[in-house]
Amino acid sequence: MEVLFKKEGIEYYTTLPWNEKYVKNKDMWANQCKENTVFALTVFLMPYYVKEPLEERNLSRYAIAKDYHVYFDCLLKQYEEKSGEKVLGFCDHSPLYEVEAALDGGLGVLGKNGLLIHEKYGSYVFIGIFLHTKPMVCSIPVPHKECLGCGACEQGCPAKCIGGSKKRCLSALTQKKNRTQEEDKEMLRGKLLWGCDLCQEVCPLNRLPCETPLSFFKEELLWNLDESILERLVKKNTLSQRAFGWRGEKLLRQNIAAIYKKG
Ligand code: SF4
Ligand code: SF4
């Protein structure tokens with residue numbers, strides 16, 4: 001694993017003993033993992049921050065490179081081939097508490113916005129998890145640390161959904177199919193047609209994030225989406241390789257129409 005991660009530029013990872021407390025979604029866990037005995041998990045960070053050009057962007061930072069699931073799947077495959085070990089892997093769509101595992105591994109602090117914040121890469125990190133089906137040398141979980149608690153994310157959130165309120169995050173709204181006109185208006189309180197980065201942008205712990213060392217997240221960047229770019233992605237059959245592609249073309253057209261009507 002060290003050799004693979006070093007080659008890729010993945011600097012921050014920890015292997016921890018398996019614990020049932022990491023299971024968030026019991027049904028998903030039972031469906032995908034019940035056949036296997038899990039001994040340990042390796043939790044690791046895939047930073048994705050890159051400095052943006054001067055032009056304004058309309059996509060969330062996490063969605064400007066190609067889909068991180070594509071990168072993760074490829075990494076998992078490489079690890080299995082090299083180690084000969086059967087490994088279960090999760091990134092984002094996961095039955096596990098990924099942030100909890102990363103905090104146990106000492107990979108950052110817990111932000112008031114629920115995100116993991118790393119001292120070098122800020123909250124601009126994807127969390128990956130490999131579940132090992134053989135015994136591994138493990139580290140001891142460390143006590144969790146919290147962010148500054150300054151409340152800037154709470155104040156900066158246009159939907160006021162940080163800190164216990166049940167209001168809907170605008171990022172989720174950009175991914176909702178068949179939105180009403182009201183919801184379209186609500187979505188436009190953020191600046192983006194896919195995702196929302198506002199609570200991350202105002203966070204003082206994100207002031208000077210380092211750029212990602214992972215080449216995958218520095219190539220084929222797309223800062224803006226409009227009708228012609230969408231058309232091109234559809235024609236080339238590459239929409240599914242983008243993190244904003246999974247909800248389909250129709251929703252993206254609705255988002256583009258909403259945001260350009262606003263502009
Ligand atoms: S992503 Fe946007 S809407 Fe969601 S919590 Fe952060 S600031 Fe609020
Ligand atoms: S803005 Fe302040 S309260 Fe919010 S995550 Fe950052 S440090 Fe924590």
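User: Buried means under 20% relative accessible area, exposed over 50%, and partly exposed in between, using a 1.4 Å probe and protein chains only; where does Glu249 fall on that scale?

Analyst: Glu249 counts as partly exposed, with a relative accessibility of 32%. Please keep in mind that this is a predicted model, in which local features need pLDDT of at least 70 and side-chain atom pairs count only at pLDDT 80 or more, while totals for chains, interfaces and linings use all residues. Residues are numbered from 1 along each chain as its sequence is written, chains are lettered from A and ligands numbered from 1 in the order in which they are written, and side-chain values use heavy atoms, with hydrogens and water left out.

User: Which residue does Glu249 pair with in a salt bridge?

Analyst: Glu249 pairs with Arg253, with 2.7 Å from N to O; a salt bridge here is a side-chain nitrogen of Lys or Arg within 4 Å of a carboxyl oxygen of Asp or Glu. Both residues belong to helix α10, where they are 4 residues apart, about one turn of the helix. Helices (H or I, at least four residues) and strands (E, at least two) are DSSP runs numbered from the N terminus. Arg253 also counts as partly exposed, at 22% relative accessibility.

User: How many salt bridges turn up in the whole structure?

Analyst: The search of the whole structure finds 18 salt bridges. Some residues are linked into a network of salt bridges, namely Glu52, Arg57, Arg61, Asp197 and Glu201.

User: What about Lys7 and Glu8, is each one buried or exposed?

Analyst: Lys7 is exposed, with a relative accessible area of 52%, whereas Glu8 counts as buried at 16% relative accessibility. These two residues form a salt bridge as well, and the closest N and O atoms in it are 3.0 Å apart.

User: Now the ligands: which residues are around ligand 1?

Analyst: Around ligand 1 there are Cys157, Pro158, Cys161, Ile162, Cys169, Leu170, Cys196, Leu198 and Cys199, where a residue is near a molecule if one of its heavy atoms lies within 4 Å of it. This shell divides into 9 nonpolar residues, no polar and no charged. Ala, Val, Leu, Ile, Met, Phe, Trp, Tyr, Cys and Pro count as nonpolar, Asp, Glu, Lys and Arg as charged, and the others, Gly among them, as polar.

User: How does the shell around ligand 2 divide, and which residues come nearest?

Analyst: The shell around ligand 2 divides into 8 nonpolar, 4 polar and 1 charged. Of its 13 residues, those that come nearest to ligand 2 are Cys147, Cys150, Gly151, Cys153 and Cys203.

User: What is the phi of Lys160, and what is it for Asn178?

Analyst: Phi of Lys160 is near 50°, which is a positive value in a residue other than glycine, and phi of Asn178 is likewise positive, near 50°. Lys160 is in the loop between α5 (152-156) and α6, and it counts as partly exposed at 44% relative accessibility. Asn178 is in the loop between α6 and α7 (181-187), and it counts as exposed at 59%.

User: Last one: what distance separates the C-alpha atoms of Gln32 and Val234?

Analyst: The C-alpha atoms of Gln32 and Val234 are separated by 31 Å, and the two residues are 202 residues apart along the chain. Gln32 is found in helix α2 and is partly exposed, with a relative accessible area of 39%.
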